[in-house]
Structures are given as structure tokens and as C-alpha cells.
Amino acid sequence: MPFFAQLDPKTIWNAPNGSSQLWMMIILALLAMVALTFGLMRAPTQLRRPIVAGVTFISGLFYVLYWLYPQPIARSVPDDKPRNFSEAVGFWIADAQPVVANISNIVAGFLIGLGIYSLLRIHLRKLFKQQKDWFFSLVLVVSLVSMTLFGYWDWVNRQGPAGGAIPYIPGPGWGFQQYARDLLFDGLLQQMDAAMFSIVAFYIMSAGYRAFRARSIEATILLITALVVLLSFMGVIQFAWDGMIKNQAHQNPDAFIQNFRLTEVYGWIRKTIQTPAILGIDFGVGIGLMAMGLRIWLSLERTGGTD
């Protein structure tokens, strides 16, 4: 029997709950993170960048291997065992991916907590010292605490017996926390978001007016194209224009003039011009993201820092 076929498929990533192996790895991981944290705090300034760069490279290397290394195929039986070293590495990476993803979510949660702490520290200091515009800091702190409190309170009360959340359906049986949550989130937050976006629409219209002025051939083409697209979304104008074209081509349904209906013109613009242009932009953005990801992964990005 090959050596790898004798290995236990239960690795540190999928050890049974409550097993000694799982508890041992949890304790070792906690000790390693505490040691790394204190090491970074005690390390000289010139050594912190290489340490952070090394951790960043190792973290990015895992997902590079996850996407590029051959993964187990049709691994439906939990007790499947690798047959060679290549499959053993593939099994290990596949088992580690959900755990690493959860670690990423935990780190993101800590980052959100760090942001909340920073906001509270800045605005509470401004509030207690009654600095300029301290009233706005009071509104922010009260809103943050109120939405967190009532949102969590409502979530706890909506938990079903099996752990599933009860659907959020307004009606009889609502308590104070449901009404408060509905007022804060649906009655205030969403309405203020809608008002903010409605204000942004005027800036978009102003920018569009400045961009669509026919100062050159390219600007004229852009103006005409934008005008056709806008008119195609206006139901009254679209109905009147398409109706006029239909009446003129009543005797010959296959007449060429049928191609000048607003719906047809807009469809041609969207399929022939808009979609290929968006795909080209997405392709360029993808290349830029890949280049930026490589720079961050290899710690070549120096934005905001000094060498």
C-alpha cells in the first residue's frame, strides 16, 4: 500500500469537533498570533516592514496555490485518502480554504471594529471638549449606538427555535425594538440615502451638460447617442415615435424604416457599441487589478509610506 494512502484524511483543517488535535492546534495558533503581535510591537522599526511583507506574501501565496494547484475531483467521500504527494498537497489546500476564508472574515470584522473605535475616539473627544461642530459628533455617536443597539436587539428577538431568523414581516405582535429598528433603518437611513442620491443626480446632469456640448465631431456623436438612449427610456416619446414609424410602414411591415424605431436603435447601440466597450473596459480594469494585486502581494506598493 502506498505511503500516502495510509495517511489520516483528518488534517488540522477538518479535525473532529472537540478532539484533542483540534484544541491543540487552536492553542498553538493563539500562542503564535500573540507571539507575532508582541514581536511586531517589540521589533525595531526597520524590521517591521520585512515581517509584514513576509506575512502578506505567505497569505497571498495560499490563494495563488488554491487557484493554480490541481484540486481533488469528485471527492465525495470524507475518508478519501491521497495516493501521492501531489494529491496530498491538493487535499491539504482544499481542506484549508474554508478555514482561511473564515479567518479573512474575522480579520475584516476586526477592521470594522477598529474603524468604529477610531470614529468614537475622535468624535467623543470633540464632544467632551465641545470643539467646533461638536453637535454633529453628538448626532453621529447617538446614531451609531442606537442603530447598533436596536438592530442587534431586533435580530436576537427574531431568532427561531432552530437558529434560523424569523422573516422580517411588519404586522401584529411587533414590539418596541421592531418599531425602533423600522424607524431608524427604513424610516430614516434609507430615506436619507434616497435624498442624497437625488442630490447627486443634479451633479450628474450638470456634468452631462458640460460633457455633451457639441464642440467637436466626437462630442456631437456622444451627444446624439446619449439623446437617443435617453429618449428610448421616455415612454411617451418612445410610444409616439415608434407609433409614427409603424404607421408609415403599415403597408410594408418589412420596410427599412422599421429599423429607425427608438427601441431598435437603442438595442443596436447597446449590443454593438455599449457592450463591447464595457467588456474592453472590464478587461483593462482586470489587468490593472491583477497588476495592483501583484504589487501588494510582493510588497512593491509604497503608496502612503516612505522607504
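Predicted model: local features only at pLDDT ≥ 70, side-chain atom pairs only at ≥ 80, totals over all residues.
Start with the largest pocket: 32 residues line it, and A29, M33, S59, I103 and V107 are the ones nearest its centre. It holds about 1600 Å³ of space. A pocket here is worked out on a 1 Å grid over the protein atoms alone, as an open set of points where a 1.4 Å probe fits, with protein on both sides within 12 Å along at least five of seven lines, and lining residues have an atom within 4 Å of a point. Points are joined across faces, edges and corners, and the volume is the space filled by probe spheres set on them.

Residues are numbered from 1 along each chain as its sequence is written, and side-chain values use heavy atoms, with hydrogens and water left out.

Which helices build the pocket's lining? At least two residues each come from α1 (20-42), α2 (45-68) and α3 (85-128), and α1 has the largest share, with eleven residues.

Stepping back to the whole fold, you're looking at eight helices and zero strands, which run α-α-α-α-α-α-α-α from the N terminus. These elements are DSSP runs numbered from the N terminus (helices: H or I, at least four residues; strands: E, at least two). Of the 307 residues, 15% are buried, where buried means under 20% relative accessible area, exposed over 50%, and partly exposed in between (1.4 Å probe, protein chains only).

Now for the outside. F57, I58, L61, L65, F283, I287, M290, L294, L298 and L300 make up a nonpolar surface patch whose accessible area comes to about 930 Å² together. Areas are from the Shrake-Rupley method with a 1.4 Å probe, and for residues only the protein chains shown count as cover. Patch members need over 30% relative accessible area and no salt bridge; nonpolar side chains (Val, Leu, Ile, Met, Phe, Trp, Tyr) are joined within 5 Å, like charges within 9 Å. Both α2 and α8 (262-297) supply at least two residues of this patch. One of its members, L65, sits in helix α2 and counts as partly exposed because its relative accessibility is 36%.

How many salt bridges turn up? The count is one, taking a side-chain nitrogen of Lys or Arg within 4 Å of a carboxyl oxygen of Asp or Glu. The partners are R181 and D186, with their closest N and O atoms 3.5 Å apart. D186 is partly exposed, since its relative accessibility is 22%.

Two backbone spots are worth a look. D133, in the loop between α3 and α4 (134-157), has a positive phi near 60 degrees without being a glycine, and is partly exposed at 43% relative accessible area. S299, in the segment after α8, isn't a glycine either, yet its phi is positive at about 55 degrees. That serine is buried, with a relative accessible area of 18%.

Finally, find W13 in the segment before α1. Its C-alpha atom is separated by 8.7 Å from that of Q97, 84 residues apart along the chain. W13 is partly exposed, with 23% relative accessible area.
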